Amino acid sequence: LPAAVASFAAEGVCRGLGDTKPPLRAALVAGAANVVLDPLLMFSPWCKLGVAGAAAATGLAQVAGCSLLLYELKKARSKRGAAA
């Protein structure tokens, strides 16, 4: 949940700056990570977690998307000349 809330806040910052590409990239990364991690954590022979695996995959995917979005915001901030 914290990663989702941070992502929503960072998406709002991006919208305020008029840059809609970073949230799109973060959503694509999170979606791709979820698609890959879901079957691995739910059905793989070494991890058979079932529904808990789906929840873990979604949480990890949200963290990946949030991390990318926060990284891109920090990169944009340093390009604008603001103090880091």
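Me: Which residues line the largest cavity?

Reply: This is a predicted model, where local features need pLDDT of at least 70, side-chain atom pairs count only at pLDDT 80 or more, and totals for chains, interfaces and linings use all residues. Residues are numbered from 1 along each chain as its sequence is written, and side-chain values use heavy atoms, with hydrogens and water left out. A cavity is a set of points on a 1 Å grid over the protein atoms alone where a 1.4 Å probe fits but cannot get out, and lining residues have an atom within 4 Å of a point. The lining is Cys14, Leu17, Asp19, Pro22, Glu72, Leu73, Ala76 and Arg80.

Me: What volume does the largest cavity have?

Reply: The search of the whole structure finds 1 cavity of 30 Å³ or more. A volume is the space filled by probe spheres set on the points, which are joined across faces, edges and corners. For the largest cavity that is about 40 Å³.

Me: Which helix gives the most to the lining of the largest cavity?

Reply: Helices are DSSP runs (H or I, at least four residues), numbered from the N terminus. H1 and H3 each supply at least two residues of the lining. The most, 4 residues, come from H3.

Me: At roughly what angle do the axes of H1 and H3 cross?

Reply: Axes are lines fitted to C-alpha atoms, for helices over the stretch in contact (heavy atoms within 4.5 Å), and angles run from 0 to 180 degrees between N-to-C directions. The axes of H1 (residues 2-17) and H3 (residues 51-80) come within 9 Å. They cross at roughly 35 degrees.

Technical notes:
On a 1 Å grid over the protein atoms alone, a cavity is a set of points where a 1.4 Å probe fits but cannot get out, and a pocket is an open set with protein on both sides within 12 Å along at least five of seven lines; lining residues have an atom within 4 Å of a point.
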